[in-house]
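Dear colleague,

Please find below the structure that I am handing over to you. My notes on what was found in it follow directly after.

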Amino acid sequence: MSSLRNAFADLMVETGAQDEKIVVVVGDISHGLLKDFRENHPDRYFNIGICEPATVNIAAGLSRVGLIPIVHTIAPFLIERSFEQIKLDFGYQDLSGNFISVGSSFDYSKLGCSHHSYADVSLMAHLPNSQIFLPGSALEFEIFFRESYKSKHINYFRLTENPHGIEIPQEDIKVGKAITVREGIDLTVLTTGSALRNCHEAVEILEHEGISAEIIYLPTFKPFDSDAVRKSIMKTKRFITVEELSAQDGVYNAVLRSIIGLGGVTGKQMAIFDFLRTYGSYHDLQNAAGLSTDHIVQAATDLLQGKVEGPSY
Amino acid sequence: MGQSLSGVNNSDLRLRIIEMICKSGEGHIPSSFSIVDIIEHLYGSVLNVNPDNVTWSNRDYFILSKGHGAAALFVVLEKYGFISALDLENYGTNLGILGGHPDSTKVPGVEACTGSLGHGMPMAVGIALGLKIQKKENRVYCLVGDGECQEGTIWEAANIASNQKLQNLSIIVDWNGSAQQLMPIENLEGKWKAFGWKTQVIDGHDPLSLQESLNKSAMHSTGMPQVFIAKTVKGRGVPLLEGHGPWHHKIPNPIELVEIYKVLSE
């Protein structure tokens with residue numbers, strides 16, 4: 001399974017050779033991986049160093065003169081630390097550019113909360129001109145990037161270190177489109193990014209228990225494919241959202257907006273409600289967040305038994 | 001310098017600033033008076049810009065990083081034909097394109113939306129870097145407040161600009177002493193110098209000083225960005241408004257307005 005970060009480096013080499021407008025600006029992350037791009041285009045590669053807000057300001061200046069900035073560093077520093085720069089210098093000024101993060105959610109599981117980012121996606125969603133991608137495989141990222149990088153949007157690509165590993169037909173991967181990974185009738189499991197892996201495992205376990213669950217995978221968070229979501233939930237009437245995102249404004253909230261008016265629907269939100277203060281593996285932190293395969297199986301079982309609880313805000 | 005009686009330069013522009021701000025009830029008069037001579041000089045005899053083609057690819061860029069001085073920029077843009085007298089009339093209303101801070105998506109000739117301090121200058125660094133990448137000859141000018149120099153992004157970007165040897169970039173610091181009212185920045189020139197910039201202290205209200213410095217910025221580029229630390233007076237031109245009293249964001253009452261008009265019309 002190729003890593004998304006390697007795919008990023010390869011894509012920069014490929015598209016950088018074809019498009020002289022691409023300028024890569026990094027905050028001392030992936031410097032080694034980007035060696036080929038750096039050596040091929042030393043005048044279009046800048047390791048700006050450890051100053052993320054100014055890096056975003058500068059990227060806006062590059063965009064202002066018609067270049068295509070690719071800004072890359074760890075998610076909390078790229079988005080949460082620098083959000084006013086993104087909001088004003090790209091959003092308010094209606095400039096386009098590409099933000100590519102690593103360290104999705106709690107990927108840096110042994111480094112602690114300073115390197116976690118749960119609210120990056122909801123922050124970026126507030127920008128009227130943004131597109132947001134949470135690819136769970138290298139192929140998804142490649143398809144989304146190629147189609148979007150020179151659009152007039154602010155594109156945010158949240159790269160995970162933990163690809164979901166589920167094989168998805170290439171023709172199903174489209175910007176703005178949900179993917180029905182598995183069809184079912186008893187409930188809908190909606191997820192995005194790397195969380196698809198646990199959802200897939202959970203649905204297989206549920207199948208052995210005689211429960212038919214549908215998986216709607218949303219690697220594009222914005223634009224949100226409300227039609228596909230509504231159609232699935234209209235059929236199953238029960239849903240669970242599983243997301244490595246802040247509980248405050250992520251997949252669950254987008255799903256609720258998509259199903260307004262549908263009667264008799266029950267749902268459960270599985271998301272991040274608090275700082276994950278533990279250390280350990282990625283899977284340890286999934287467990288701490290209540291996002292493990294077992295948690296999903298339990299939530300689905302509870303939902304089907306009518307044990308509906310509100311999210312623990 | 002320091003005189004604010006009749007004969008002050010650009011008294012016509014200062015009057016227009018007063019008219020706009022008093023009519024709408026919004027704006028920063030002393031900050032605008034502090035920088036209006038610099039901006040007028042830039043548009044009058046330094047910048048290579050064309051009001052009939054504001055997106056001309058060979059234009060010089062000017063960014064007002066201290067966006068709350070927008071009224072000064074607007075009256076100069078009107079003087080040089082980028083916007084109309086009607087635009088000034090409609091300042092601060094929903095009929096127009098002008099408000100308390102400049103909006104590049106609305107105002108012809110405005111290159112950046114500024115207002116939150118510490119954004120315009122690093123964006124100017126990005127523009128200068130982008131022009132360098134494209135091997136273009138355009139120059140970039142950016143006006144920064146001395147109080148704004150307390151923002152961390154100014155120094156983040158200052159370090160980047162000198163490392164990238166952005167000789168196409170000139171920063172003018174409006175050194176009106178605002179920073180001294182807050183958390184003083186001692187030896188401002190020395191700090192810029194330490195960050196690898198070519199520095200020069202100038203008089204921000206004196207046409208000769210502005211000409212000797214800004215008009216020669218291109219020919220004096222020596223592989224490093226330049227900063228002109230312009231000594232200015234906040235509220236320059238009207239004694240009532242000068243200094244760091246209550247006037248930063250205050251609108252004159254009718255009696256005060258009579259006095260202001262009298263001074264600027266003498």
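The largest nonpolar core holds 173 residues, and among its members Ile17(B) and Val125(B) touch the most others. A nonpolar core is here a set of buried Ala, Val, Leu, Ile, Met, Phe, Trp, Tyr and Cys residues joined through C-beta atoms within 7 Å. A residue is buried if 20 or more other C-beta atoms lie within 10 Å of its own, exposed if 12 or fewer, and partly exposed in between, with C-beta atoms placed from the backbone. From chain A, this core draws at least three residues from each of domain 1 (4-158) and domain 2 (170-304). Leaving aside residues up to four places away in sequence, Ile17(B) touches Ile29(B), Ser32(B), Phe33(B), Val36(B), Ala71(B), Ala72(B) and Val75(B). In soluble globular proteins, nonpolar side chains tend to be buried together.

Please note that this is a predicted model, in which local features need pLDDT of at least 70 and side-chain atom pairs count only at pLDDT 80 or more, while totals for chains, interfaces and linings use all residues. Residues are numbered from 1 along each chain as its sequence is written, and chains are lettered from A and ligands numbered from 1 in the order in which they are written.

Chain B contains 10 helices and 5 strands; helices (H or I, at least four residues) and strands (E, at least two) are DSSP runs, numbered from the N terminus. Its radius of gyration, taken over C-alpha atoms, is 17 Å, close to the 18 Å that the globule rule (2.2 Å times the number of residues to the power 0.38) gives for 266 residues, so chain B is as compact as a globular protein of that length. The C-alpha trace of chain B spans about 50 × 40 × 30 Å along its principal axes. Of the 266 residues of chain B, 52% count as buried.

How many residues of each chain are in contact? The contact joins 23 residues of chain A with 22 residues of chain B, where two residues are in contact if their C-beta atoms, placed from the backbone, lie within 7 Å. On the chain A side, helix H3 (52-64) and helix H5 (83-92) each give two or more residues. H3(A) gives the most, with 9 residues.

Chain A is divided into domain 1 (4-158) and domain 2 (170-304), with bounds that come from an automatic or database domain assignment. Their centres, taken over C-alpha atoms, are separated by 26 Å. The contact between them takes 28 residues from domain 1 and 28 residues from domain 2. On the domain 1 side, H7(A) gives the most, with 6 residues.

Finally, I draw your attention to helix H9 (residues 226-236) of chain A, where Val229(A), Ser232(A) and Ile233(A) are buried. Seen down the axis of H9(A), the buried residues fall within an arc of 95 degrees (that of the directions from the helix axis to the C-beta atoms), so they line one face of the helix. Asp227(A) and Met234(A), on the other side of H9(A), are exposed. The buried residues of H9(A) pack against strand S8 (187-191), strand S9 (213-217), strand S11 (238-246) and helix H10 (251-258) of chain A. After H9(A) comes Lys237(A), whose phi is positive, near 65 degrees.

Yours sincerely
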